[in-house]
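Subject: Structure handover

Hello,

I am passing on the structure we spoke about. Please look through it before reading my notes.

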Amino acid sequence: GPLLVSVDLRITTGEVTEQLGALFDPSALAMANLESGDAAAATDFKADADGFVRILLVNQRLTDHRLGALAQRLLELETYRMLALIALPEAQRLEPFVRHIEQELPDITRGIMEGQGAGSNQQLLDRLISLAAQLEASATSALYRFGASRAYHDIVRGRLEAINETPYPGYSTFSAFLSRRLSPAMRTCTTL
């Protein structure tokens, strides 16, 4: 099947800020203390030249078990973020069609209200039925994908809660970053 997610997860110890410049785009960097300050993580949520999204996880005081669980949550966060975004191209594809319906429907209803005879009404009714059929066909193909994206977005929010992040001074948290970047895409899908 198609490759959906590639992550370069680096787990290390030491000072997190020493390793940032070589790994991430500083203009898009998100970083947070995790697990009540027992770890920190950073990412820019951007694919590198090889197609990998890099995540740096710096262990301060976590046991191996807690570190493994945190690493899994970070990998799931990226995986479900990408799965949530799969619906965005479908929303972008459907947007011109929805705009066309929004422009066409008032003309049809206005024509029906003005009632210019049976022949005219039949033409308007035919246009309305055609629009309804096109809308139903488009909705049928997209509703499952949009519903799945909403579910994946909910999982992303759950993973953000599970990592128990607190701000790292001077940087956006993962939650704040995704609120600015992922949430608008999800709102576009929801609106459509």
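The notes below cover the nonpolar core and then the salt bridges.

This is a predicted model, in which local features need pLDDT of at least 70, side-chain atom pairs count only at pLDDT 80 or more, and totals for chains, interfaces and linings use all residues. Residues are numbered from 1 along each chain as its sequence is written, and side-chain values use heavy atoms, with hydrogens and water left out.

Core. A nonpolar core here is a set of buried Ala, Val, Leu, Ile, Met, Phe, Trp, Tyr and Cys residues joined through side-chain atoms within 4.5 Å; buried means under 20% relative accessible area, exposed over 50%, and partly exposed in between (1.4 Å probe, protein chains only). The largest core has 26 residues, and L34, L57, L70, L74, F174 and L178 touch the most other members. A separate second core has 11 residues, including V16, L23, L29 and V58.

Salt bridges. The structure holds 14 of them, each a side-chain nitrogen of Lys or Arg within 4 Å of a carboxyl oxygen of Asp or Glu.
- R66 and D38 pair at 3.1 Å, N to O. R66 is partly exposed at 31% relative accessible area, whereas D38 is buried at 14%.
- R81 bridges to E78, with the closest N and O atoms 2.8 Å apart. R81 is buried at 9%, and E78 is buried at 2%.
- E104 and R127 meet at 2.4 Å, N to O. R127 is partly exposed at 34%.

Regards
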